[in-house]
Amino acid sequence: PFMKVTSDFTSQVNQVIKGFRNDDVLVGIPESETARQQQEDGGNINNATLLALNEFGSPANNIPARPVMALGIRKAQPEIIECFKAGARQALSKGLPALTPMFNRVGIIASVSIKKVINSQEGILPPSPVTLDIRESKGFKGTKALIVTGQMRNAITYVVRGKT
């Protein structure tokens, strides 16, 4: 019962592993997408800050945590894992450039999943009656958490960043 090794793919496997380590998929709101249309009240909070404030909450401002980023990534995890597996197989047969489409696909999957969590409101605390009253006084009719104008939700995207 001896096995005869006819090919050694160790270097290719090591290259693929290194390729996975050389890039990051960052999901959220990139600095270039942080601007918000100014509201009548002159508020100057940007989309990225608003998302972080809602993700982690702010007890000082009576804002509960609504971890939409974590929920969205968790919901997308099985699809992301399958994408990584397929990317690894592609990279073994076609080389490291095959990882680029995989990283982009993972970014799309994650950002779309986060937006779906916001739209569905699944697992998110609803806005307080005070918040709804404030919205109504400003002419907004929406009752969903994290959606007033849609600017923050629509700014959620991804970037693939190579490590230097």
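Predicted model: local features only at pLDDT ≥ 70, side-chain atom pairs only at ≥ 80, totals over all residues.

Mentor: Start with E79: at 42% relative accessibility, E79 counts as partly exposed. Buried means under 20% relative accessible area, exposed over 50%, and partly exposed in between, with a 1.4 Å probe and protein chains only.

Trainee: What does E79 form a salt bridge with?
Mentor: With R105, the closest N and O atoms being 3.5 Å apart. That pair links distant parts of the chain: R105 sits in helix α4 and E79 in helix α3, 26 residues apart. A salt bridge here is a side-chain nitrogen of Lys or Arg within 4 Å of a carboxyl oxygen of Asp or Glu.

Trainee: And R105, buried or exposed, or in between?
Mentor: R105 is partly exposed, at 40% relative accessibility.

Trainee: How many salt bridges does the count come to?
Mentor: The count comes to 4. One of them joins E122 and K75, at 3.1 Å, N to O. E122 lies in the loop between α4 (99-120) and α5 (129-137), while K75 is in helix α3, 47 residues apart. E122 is partly exposed at 47% relative accessibility. K75 is also at 47%, and is partly exposed.

Trainee: Which residue does K85 pair with?
Mentor: K85 forms a salt bridge with E82, with the closest N and O atoms 3.3 Å apart. They are 3 residues apart in helix α3, so about one helical turn separates them.

Trainee: Why does that spacing matter?
Mentor: An α-helix has 3.6 residues a turn, so residues three or four places apart point the same way.

Trainee: New topic. Where does helix α3 bend?
Mentor: Helix α3, residues 68-94, bends by about 55 degrees at Q77. A proline, P78, follows within four residues. The bend is the angle between axes fitted to the seven residues ending at a residue and the seven starting there. Helices are DSSP runs of H or I, at least four residues, numbered from the N terminus.

Trainee: Which α3 residues are buried?
Mentor: Among them are V68, M69, L71, A76, I80 and C83. G72, G87 and A91 are buried too.

Trainee: What follows α3?
Mentor: G95, whose phi is positive, near 100 degrees.

Terms used
Residues numbered from 1 in each chain as written. Heavy atoms only, no water. Helix = DSSP H or I, 4+ residues; strand = E, 2+ residues; numbered from the N terminus.
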